[in-house]
Protein chains: 2
Amino acid sequence: MTGMVYLVGSGPGDPELLTVKARRLIDEADVVLHDKLPGPEILASIPEAKREDVGKRAGGEWTPQEYTNHRLVELAEDGKTVVRLKGGDPFVFGRGGEEAEHLAANDVPFEYVPGVTSAVAGPGVAGVPVTHRDHTSSVTFVTGHEDPTKEESAVDWHALAEGGGTLVVLMGVGKLPAYTGELLEAGMDPATPVALVERATWPGQRVATGTLGDAVEVRDREGVEPPAITVIGDVAATRGRVAAFLRNGPGGQEESE
Amino acid sequence: MTGMVYLVGSGPGDPELLTVKARRLIDEADVVLHDKLPGPEILASIPEAKREDVGKRAGGEWTPQEYTNHRLVELAEDGKTVVRLKGGDPFVFGRGGEEAEHLAANDVPFEYVPGVTSAVAGPGVAGVPVTHRDHTSSVTFVTGHEDPTKEESAVDWHALAEGGGTLVVLMGVGKLPAYTGELLEAGMDPATPVALVERATWPGQRVATGTLGDAVEVRDREGVEPPAITVIGDVAATRGRVAAFLRNGPGGQEESE
């Protein structure tokens, strides 16, 4: 009797931003396969006995995706109910699509359980709506951390600069100089507002703001570190208009910058 | 003593896809201001006595945004704890940004509570991951239902066609002929896979698939109606590889097409 795999999004890190369904499935599962991305608070809420960390092995090596794929099938064939817990949403830069295909190719039934994506929530908790009727009709999510085996970036920054919508770059701290440079070269206004949100919804959340022209300087001066999200576009200026009344920080107060 | 406003995302419609926090805040609130977008199941789970529908007034007229803004401030000044409940996420085409600015301008404290966005979950429950390492490095959300007072579309479909990433069009059934036409004209391959997801996670969820070239024909033949989401890009073909083992439909079985 084959078990069942749930590909579950954990949301951005706050345990209260788990969905009701994610919480129930975690509590009912035989095994929860996870990496570090769900964050310390959510992982601490799962009994140690049912947790299996496929993020990093002893010795600091990363577990290859092939091992995770293999382990999901193995557990399901053993009749287990498995939660594969992923930060944010499984289908937003989460390799959930690859895992779904691997499960289907091995005749393992699975269900996708969406989560709150950090690409929306991260800017949001900093007072930045990714869309706004007055400023933009579209939003694009890109990853700053592409497959390192790819020879060149698959992201067409020039087309993005021309599109005029909000840009949200996930895991985008390290390569900030590269892509802000490409956007400027493509003609995007250096005065375009930018917000950097570090550790969104995690303990120690921080926000730094600037412009496309000085974003790298702001990053270095404020010491912004991964994990962080970059928002580029007029919507980033919304923060300045709402921050004094925004109560999304720790203890219900906005964090200081 | 001023009250507090929570701008809360309800997720795509399944009550179990509310976040733990949204569920708690709804249960604790004095008043829940909502429209129809959270869907029938979530609205039915809220006691009638605390619900206030700002979606449509008697007589079929839409409530202007100005009334909703005014009512939020009025309730907060009366010391109430208010949940402003919005379908999906408040900051993804939800006018949450405007409401946040209005609250701040009137000295009303507020908190943003992100929700599962239908732009990710809608494709996902149909077996379509909006990103996939093998196919795309970016995803763009656009709305097919722009401000009708705008003279021309603010969406640059040509730039989107060039970008090469996944496109997700929300509320995109009615204007499907217009924007598929623009994408084809911009040189996008007519064989690009397309999926139409109607009533994602609601009772009666349906999926129809085709290509950029025949999407309008598919919509008409299958009778796809709003609310529905359009996904355009190679990722849409993932559905064909996983649907037989996907258990996201009613009763845990995939819905038939």
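Figure 1. Strands (E, at least two residues) and helices (H or I, at least four) are DSSP runs, numbered from the N terminus. Strand 7 (residues 166-170) of chain B runs antiparallel to strand 10 of chain B, and 4 bridges join them. Strand 8 of chain B also pairs with strand 10 of chain B in the antiparallel sense, over 5 bridges; two strands pair if DSSP finds at least two bridges between them. Within strand 10 of chain B, B:Val231 is the bridge partner of B:Ala195.

**Figure 2. The two covered faces of strand 10 of chain B.** Strand 10 (residues 228-232) of chain B is largely enclosed by the rest of the structure, because 5 of its 5 residues are buried. Buried means under 20% relative accessible area, exposed means over 50%, and partly exposed lies in between (1.4 Å probe, protein chains only). One side of the strand carries B:Ala228, B:Thr230 and B:Ile232, and the other carries B:Ile229 and B:Val231. Both of these faces are covered.

**Figure 3. The surroundings of B:Thr166.** B:Thr166 belongs to strand 7 of chain B and counts as buried, at 1% relative accessibility. Its side chain reaches the backbone oxygen of B:Val130 at 2.8 Å. Such a polar contact is a pair of N or O atoms within 3.5 Å; within protein, one must be able to donate a hydrogen and the other to accept it, and residues adjacent in sequence count only if both atoms are side-chain atoms. Residues up to four places away in sequence not being counted, B:Thr166 touches B:Val130, B:Thr136, B:Ser138, B:Val139, B:Thr140, B:Val231, B:Ile232 and B:Val235. Contact means heavy atoms within 4.5 Å.

**Figure 4. B:Thr192 in a loop of chain B.** The loop that holds B:Thr192 lies between helix 7 (176-185) and strand 8 (193-198) of chain B. B:Thr192 is buried, with a relative accessible area of 12%. The side chain of B:Thr192 reaches the backbone oxygen of B:Asp189 at 2.6 Å. With neighbours within four places in sequence left aside, B:Thr192 is in contact with B:Gly210, B:Thr211, B:Leu212, B:Ile232 and B:Gly233.

Figure 5. In helix 8 (residues 215-222) of chain B, the residues B:Ala215, B:Val218 and B:Arg219 are buried. Seen down the helix axis, the buried residues fall within an arc of 100°, so they line one face of the helix. This arc is that of the directions from the helix axis to the C-beta atoms. The face turned away from the buried side carries the exposed residues B:Glu217 and B:Arg221. Helix 7, strand 8 and strand 9 (206-211) of chain B are among the elements that cover the buried residues of helix 8. After helix 8 of chain B comes B:Gly223, whose phi is positive, near 65°.

**Figure 6. Helix 4 of chain B and its cover.** Because 8 of the 10 residues of helix 4 (residues 96-105) of chain B are buried, this helix is largely enclosed by the rest of the structure. The buried residues include B:Gly96, B:Glu99, B:Leu103 and B:Ala104. Their cover includes helix 9 (238-242) of chain A, together with strand 1 (4-9), helix 3 (65-77), strand 4 (81-86) and strand 5 (110-113) of chain B. B:Asp107, which follows helix 4 of chain B, has a positive phi, near 60°.

**Figure 7. Helix 5 of chain A and its cover.** Helix 5 (residues 118-125) of chain A is mostly covered, with 7 of its 8 residues buried. Among the buried residues are A:Ala119, A:Val120, A:Pro123 and A:Val125. The elements covering them include strand 6 (138-143), strand 7 (166-170), strand 8 (193-198) and strand 10 (228-232) of chain A, together with strand 5 of chain B. Just after this helix, A:Gly127 takes a positive phi of about 85°.

**Figure 8. The domains of chain A and the scores of the model.** Chain A is assigned domain 1 (4-116) and domain 2 (119-252), with bounds that come from an automatic or database domain assignment. The centres of the two domains, taken over C-alpha atoms, are separated by 27 Å. In chain A, 12 residues of domain 1 are in contact with 9 residues of domain 2. The mean pLDDT of chain A is 91, and 91% of its residues reach 70 or more; pLDDT is the predictor's confidence in each residue, from 0 to 100. The model scores ipTM 0.94 and pTM 0.94.

**Notes to the figures.** Residues are numbered from 1 along each chain as its sequence is written, while chains are lettered from A and ligands numbered from 1 in the order in which they are written. In this predicted model, local features need pLDDT of at least 70, side-chain atom pairs count only at pLDDT 80 or more, and totals for chains, interfaces and linings use all residues, while side-chain values use heavy atoms, with hydrogens and water left out.
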